[in-house]
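Colleague: I would like a close look at one part of this model. Please keep to the charged pairs and their surroundings.

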Amino acid sequence: MKILMRDKRYLLLIILLFIVGAETLLLRGSGQKLLKNANILNFPKEFCGYKGVDVALKSHIYDLLETKNVVMREYKKDDQNPILFYFIFSRQTAKTSDPPENCLIGDGMTVTNKNKINIALKNINLKVNLLLAEKQGQKYVYLYWFIAGKQFTTSYFEQRIKLLKAYLMRKPLPGGQVRVSIKVANNQEDSLQYLKEFIKDIMPFLLENIN
């Protein structure tokens with residue numbers, strides 16, 4: 001049984017490496033310009049009592065992501081800690097940004113827990129990834145999910161398969177990632193609940209921009 005599970009992991013690894021290699025070859029030769037989408041870049045800075053301030057990104061970040069359609073913004077409401085909102089979206093793509101845990105580990109953070117949770121929204125039951133992380137004694141909560149066409153998914157692997165398949169068929173799908181995070185002030189449960197409420201408030205604007 002252990003040998004079978006190990007073989008499956010190796011097979012998944014080989015498939016993922018093949019996908020990444022295929023993406024690299026396809027996208028390297030595409031020569032596409034980094035186009036801007038006005039709807040994404042004009043994402044509301046103020047709504048439901050939240051006020052947002054953009055976080056500047058260096059130019060090489062856009063080159064790595066291969067899109068200009070990135071929103072990195074801190075939203076603050078009342079006396080709560082600010083929520084960092086990250087939204088990347090492209091109408092036609094075979095590429096997306098990596099899972100955030102890769103970046104967190106690279107920034108010296110420790111991921112202490114990873115799970116999946118459901119958030120009950122109006123007309124949608126949203127499943128998201130939950131990350132708990134720490135750095136120098138400070139705790140953080142992250143919620144994120146991926147966009148593939150008109151579907152939300154918690155699986156980076158599933159999203160990449162779907163986007164690459166559509167790209168190879170010359171019918172590229174929209175793709176992206178949504179991530180929200182917050183520095184824990186008092187306890188993780190309160191911070192998690194605050195992120196859930198933020199997602200409920202921001203979801204109508206997200207759906208409007210990706211549909």
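Colleague: Is Asp-98 buried, partly exposed or exposed, and at what relative accessibility?

Modeller: Asp-98 is partly exposed, at 38% relative accessibility. Buried means under 20% relative accessible area, exposed over 50%, and partly exposed in between (1.4 Å probe, protein chains only). This is a predicted model: local features need pLDDT of at least 70, side-chain atom pairs count only at pLDDT 80 or more, and totals for chains, interfaces and linings use all residues. Residues are numbered from 1 along each chain as its sequence is written, and side-chain values use heavy atoms, leaving out hydrogens and water.

Asp-98 forms a salt bridge with Arg-160, with the closest N and O atoms 3.9 Å apart. Arg-160 sits in helix H5 (residues 156-168) and Asp-98 in the loop between strand E4 (83-93) and H4, so the pair ties together parts 62 residues apart in sequence. Helices (H or I, at least four residues) and strands (E, at least two) are DSSP runs, numbered from the N terminus. A salt bridge here is a side-chain nitrogen of Lys or Arg within 4 Å of a carboxyl oxygen of Asp or Glu. Arg-160 is buried, at 7%.

Next comes Glu-101, in helix H4 (residues 100-106). Its salt bridge to Lys-114 spans 2.5 Å, N to O. That pair links distant parts of the chain, 13 residues apart, with Lys-114 in strand E5 (residues 110-121). Lys-114 is partly exposed, at 46%, whereas Glu-101 is buried, at 12%. The Glu-101 side chain also makes a 2.9 Å polar contact with that of Tyr-144. A polar contact is a pair of N or O atoms within 3.5 Å; within protein, one must be able to donate a hydrogen and the other to accept it, and residues adjacent in sequence count only if both atoms are side-chain atoms.
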